[in-house]
Amino acid sequence: VCYEGIQDKFVETVRPMIEKLRQGPALGHGLFDVGAMVMPRQLEIIQELVDDAVAKGAKLLVGGKPNKKWPGNFYQPTLLVGIDKTMRIANEEVFGPVMAIMTVPNNDDEKAIEMVNDCDFGLGSAVFSNNQKRATRIGDRIRAGMTTVNDFGVNYLVQSLPFGGIKESG
C-alpha cells in the first residue's frame, strides 16, 4: 500500500531497481538477485494473478511473464500499479517476484492499516517511513506474523529470528 501523493516518485525509484535485478540459477552461473520458483505450478499461479490484475485495469510496468532465459521455473521480476481489491493479486499470496502497488489517500494511516489487514493472509509485512515512530505505530496494528520497520529482509535473512504467519498464512 502506498500513499497516492508519493506513488509516482516511489515507482520512479523502484522501477529501475526491479529492471536491474539479475535472475538465474543459484549454482554455478554467476551472481543473481532472484532465483526460481520451487514448482512449475507456481509459474502458472503467478501468471494467472498478473493476468487477472491487468484484465481488471492494473498497469504492468516491468516483467509479467516467465523468464525463458534459463531452464526451470523462473518468473520475471514484475511491477504492477493500480491494484485494487477486485483483483485476485490483492487477496491471494503470490509467492513470486511481483510488486503489486495499491494506493490510499495521502496520510490516511487508518485506511492504509485497514487495507493491509483486509486480507485472509498475514505472513509478513514491512512499513517504510522517514518517521520511525509513525511507522512503528502503523506496524504495531498490522495483523501479520512478522512486521519490520524500514527493512524488508531481516525476518527472512536472520534465521535465528522467529518466522511465521497468521490467519491463512499461519
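How many aromatic pairs does a search of the whole structure find? The search finds 1 aromatic pair, shown in the first two views of this predicted model.

**View 1. The aromatic pair of Phe32 and Trp70.** The ring centres lie 5.5 Å apart and the ring planes meet at 80 degrees, so the pair is edge-to-face; the cut-off for that class is over 60 degrees. Phe32 has a relative accessibility of 24% and counts as partly exposed. Trp70, with a relative accessible area of 17%, is buried.

**View 2. The loops that carry Phe32 and Trp70.** Phe32 sits in the loop between helix H1 (4–20) and helix H2 (40–55). Trp70 sits in the loop between strand E2 (59–62) and strand E3 (78–81). The pair therefore ties together parts that are 38 residues apart in sequence.

**View 3. Secondary structure and fold of the protein.** The protein has 5 helices and 9 strands, in the order β-α-α-β-β-β-β-α-β-β-α-β-α-β from the N terminus. Of the contacts with a separation of 6 or more, 53% are between residues 24 or more positions apart. Along the principal axes, the C-alpha atoms fill a box of roughly 45 × 40 × 30 Å.

View 4. Of the 170 residues, 36% count as buried. There are 19 positive and 21 negative side chains, and the centres of the two sets are 5 Å apart.

Conventions. Residues numbered from 1 in each chain as written. Predicted model: local features only at pLDDT ≥ 70, side-chain atom pairs only at ≥ 80, totals over all residues. Heavy atoms only, no water. Helix = DSSP H or I, 4+ residues; strand = E, 2+ residues; numbered from the N terminus. Buried < 20%, exposed > 50% of the residue type's maximum accessible area, 1.4 Å probe, protein only. Contact = heavy atoms within 4.5 Å. Lys, Arg positive; Asp, Glu negative; His and termini not counted. Charge placed at Lys NZ, Arg CZ, Asp CG, Glu CD. Phe/Tyr/Trp six-rings, centres within 6.5 Å; stacked < 30°, edge-to-face > 60°.
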